[in-house]
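Here is a short briefing for a reader meeting this structure for the first time. Look at the fold before reading on.

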Amino acid sequence: MKKLLLSVAIVAFTGTAAFAQTSEYYVVRDTTTKKCTIVDKKPTTTTTTVVDNGIFKTRTEAETGMKSMKVCTEN
């Protein structure tokens, strides 16, 4: 019985960890202020747009990518 409970706990934890790693980060630009930011949810408003192919798996990748995007470094 203990082995069964332990197995269920391990499977549940692994599934949760795998789900947490599927998040995406977006580099978006505010159309009024012309400033770029990083968000963890896909923009649904018309006041922000995703820059280039500004979709990344980690926040660190998004920060590095934002530094190389011309529209984000012009101001």
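The points below go from the overall fold to single residues.

This is a predicted model, in which local features need pLDDT of at least 70, side-chain atom pairs count only at pLDDT 80 or more, and totals for chains, interfaces and linings use all residues. Residues are numbered from 1 along each chain as its sequence is written, and side-chain values use heavy atoms, with hydrogens and water left out.

**Overall fold**

- The protein has 3 helices and 3 strands. Both are DSSP runs numbered from the N terminus: helices are H or I with at least four residues, strands are E with at least two.
- Read from the N terminus, the order of elements is α-β-β-β-α-α.
- Of the 75 residues, 19% are buried. Buried means under 20% relative accessible area, exposed means over 50%, and partly exposed lies in between (1.4 Å probe, protein chains only).
- Among contacts with a separation of 6 or more, 38% join residues 24 or more positions apart. Contact means heavy atoms within 4.5 Å.

**The sheet**

- The 3 strands form an open sheet in the order β2-β1-β3, with antiparallel pairing. Two strands pair if DSSP finds at least two bridges between them.
- β2 and β3 are the edge strands, each with a single partner, so one side of each has no neighbour in the sheet.
- From one strand to the next, the twist averages 30°.
- Antiparallel pairing joins β1 and β3 over 5 bridges. Arg29 has Thr49 in β3 as its bridge partner.
- α2 lies across β1, β2 and β3, and runs at about 165° to β2. Axes are lines fitted to C-alpha atoms, for helices over the stretch in contact, and angles run from 0 to 180 degrees between N-to-C directions.

**The core**

- The largest nonpolar core has 9 residues: Tyr25, Val27, Cys36, Ile38, Val51, Phe56, Ala62, Met69 and Cys72. Such a core is a set of buried Ala, Val, Leu, Ile, Met, Phe, Trp, Tyr and Cys residues joined through side-chain atoms within 4.5 Å.
- β1 (25-30), β2 (36-39) and β3 (48-56) each give two or more residues to this core.
- Beyond four places in sequence, Ile38 touches Tyr25, Tyr26, Val27, Arg59, Ala62, Glu63 and Met66.

**The salt bridge**

- The structure holds 1 salt bridge. The term means a side-chain nitrogen of Lys or Arg within 4 Å of a carboxyl oxygen of Asp or Glu.
- Glu63 and Arg59 form it, with their closest N and O atoms 3.6 Å apart.
- Both residues lie in helix α2 (residues 59-68), 4 residues apart, about one turn of the helix.
- Glu63 is partly exposed at 34% relative accessible area, and Arg59 is partly exposed at 40%.

- Pro43 sits in the loop between β2 and β3. Its relative accessible area is 24%, which counts as partly exposed.
- Beyond four places in sequence, Pro43 touches Tyr26, Val28, Thr48 and Val50.
- Thr37 belongs to strand β2 and is partly exposed, at 40% relative accessibility.
- Thr37 and Cys72 are 35 residues apart in sequence, with 8.8 Å between their C-alpha atoms.
- Leaving aside neighbours within four places, Thr37 contacts Tyr26, Val27, Val28 and Met66.
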